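Work through the two exercises below with the model open. Each task is followed by its solution.

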Amino acid sequence: MNSQISFDHVSSDLGITDTTKSYGLYWGDYDNNGYPDLFAPNHYNPFISIVPDFEIGPILYVNNDGNSFNSIDAQILDVKDMHGASFFRTKESPYQNILLLSGSANKNILYQTPFTTGNVPDTTCAMCPSIGKSRTMMALDANLDGRTDLFVNQDFSDLPGFILSALYLQQSDYSFELDGSVEFFQSKFSQQADIDNDGDMELIISNDGRYRIYNRISNQFTLAHEGTFGAGDMSIQDFDNDGDFEMLISKKTNSNFFTSSNSTIDTYLAFSDIDAEIIFTAPSTFTFQVYSYPNTMNANTGMDHTSIEVHGPHLIDENDPSFLNWPTDTLMENYVNLSFDDINDQWRIQINRANSKSLRVSVKADDGLELLSTNNIDLTPVPGPIQLMSFQEVGPNIEIVSNEILSDIPTSSFITEDFDNDKDQDLIIFPFDLLESKPLIFIENVDGTLDFSNAVEVTNASEGLSDACSSMDINNDGLMDISRVNAGGFPGEYGSIDIYRNTTSNSNNWVKIDLEGESSNADGLGSVVTIYSGGTSQKKVFDGGHHRFAQDQQTLHFGLEGSWSIDSLVINWPSGIDQTLDDLNVNNTYLINEITGVTSIAKLDKFENVVIDPNPSNGIFNLQNLPLDCDIEVFDLRGKNILPLEPCLGDQFELNLVGAKQGVYLARISIGNLSREFRLIKID
């Protein structure tokens, strides 16, 4: 276990202090300056203004230099009741667009960036259904015509009265038109990947009750597999570095979660139309809590959940101040009713689920609770396990090859990344709980296996009610950072935006890859990138970073462990072009064009102005234009340290290798986890 994994909470240091109701966090490069910017849609509903001071529209946080953000707020993005969003590019502009999705009958909005005076959002775009609730979206090239298409996830469960999720194809004039050739179902989020490892991208969509995989045949999606459960979150990676992709998924089902003891009775009832009942005895005083989602039940109180203290044996005293926090009788009868049976001296909870609400009901006491009976509640806990699945194509279908339950930690969202740059995809779990704050959990990938036996809490990461989460490299130091909405366990609740900077200390190297399509779509979405370094290979799909209520920074990140060279980089573009690049340097960010190859190296290269003069030299090397706060050490070509680590102490440094043998040496200049090696030629 790598005990050095560490994160610091830096939201306030960066200037991100707003309390939001955001449906997730979305990262992209708004101003094209090489630093990831943050977009928080915010679920401001003007029709239910519970806490006006907190009701704010979408906010775009612009990353200045990795150390601070400026915000562009709802005064410019003047829209309400918004859900998901996405950064994506078209060939019309080098800047990323932002598509903002409506949570009501309002239209979805397409913004062209950067924002300027008079830049009016396109409110007539094709991705604007007049009914339904758009949740999230994903950019992709569905028909492989080189244009960026959009898949919009409508609602998140199989409920009547809402339109289905839909695919919108980009036209030659950059407008979007609905593709009605395939009927999808209502979904919460979607991903693209070569999940059956046949060389073609599949479309994976999910809601709370089931997931589906669509195979692309003749540039059209066809249903190839349907799962029996829904996904909380999913990530499709080559976790064991065997060249094949696997799907990591946090499972959601329509089963109920239930647990009871002498101090707690706790049940979570997912979407269903089956009523339920709990009968129990209790001490004279206990706490009764109800949390509903959507939170219509609590709209009059503005509370994340309703909590009352009951003084038995009779129902709540209306003179008790806590009674004022209880919903109106009408709302109460529609969902949950708590009553006392004087004859049998027992309590009864009736749960009316005709409105297909998702509810959590809890009874808590110091001691003395006893469960007597339940009706229509599964007593087997189903906490949302994490599973690792692999698939293969069998004729027109895609079938499960393996399905391994890795953990029973209740999880809504997670992030897979190589957080310690050791060539393996690690996992950070954001545990799911509606009522209790939970710490973040780190699981290291050890030699291709996610090692849950040594799971640890993330150092310096505060507890919270986690929901959507995403990853990015805020300051471009090659260490992937994380962010989350610290809210009420569900999207659209009040909470803070938590940014955690990766402060892991090791000497591992890395490289990051951005793509620029020519024959393929502008972002190179759907490309497969394989890197060969130090006798191993890693493979990733450039998928736009979309997952549950989130968008990671789109740049692909590869940890290289101790390798100081990259043997080759192979890109399989959606157009069918296969591209191989050699002689790439570690600890850089490369922008690679589909036709011309590398177009820019290390947009934020802190070492690009370093000059070594003379070189070759008889032993005295003058280094100039050094970055601030750097360190220098020298090695021979066998890796033996010739000059121990020394601080630069300014922008110039004199290296003295007069006593060294004639030959080639490497001067390693480093700033934290950033480093670059320069060749020194020593002559006699």
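**Exercise 1: the cavities**

Solution. 
- Step 1. A cavity is a set of points on a 1 Å grid over the protein atoms alone where a 1.4 Å probe fits but cannot get out; lining residues have an atom within 4 Å of a point.
- Step 2. The largest cavity holds about 330 Å³ of space.
- Step 3. Its lining has 26 residues, and Q237, T416, D543, G545 and D552 are the closest to its centre.
- Step 4. By class, the lining splits into eight nonpolar, 13 polar and five charged residues. Gly counts as polar here.
- Step 5. β18 gives the largest share, five residues. Strands are DSSP runs of E, at least two residues, numbered from the N terminus.
- Step 6. The largest cavity lies between domain 1 (7–255 + 381–502) and domain 3 (509–602), because both give residues to its lining.

The model is predicted: local features need pLDDT of at least 70, side-chain atom pairs pLDDT 80 or more, while totals for chains, interfaces and linings use all residues. Residues are numbered from 1 along each chain, and side-chain values use heavy atoms, without hydrogens and water.

**Exercise 2: N502**

Is N502 buried or exposed, and which residues is it in contact with?

Solution. 
- Step 1. Beyond neighbours within four places in sequence, its contacts (heavy atoms within 4.5 Å) are S6, F7, F419, D477, L479, M480 and D481.
- Step 2. For M480, the backbone oxygen lies 3.1 Å from a polar atom of the N502 side chain.

Methods
Polar contact = N/O pair within 3.5 Å; in protein donor to acceptor, adjacent residues only side chain to side chain. 1 Å grid on protein atoms, 1.4 Å probe; cavity = no way out; pocket = protein on both sides within 12 Å on 5 of 7 lines; lining within 4 Å. Points joined across faces, edges and corners; volume = space filled by probe spheres on them. Helix = DSSP H or I, 4+ residues; strand = E, 2+ residues; numbered from the N terminus. Domains from an automatic or database assignment.
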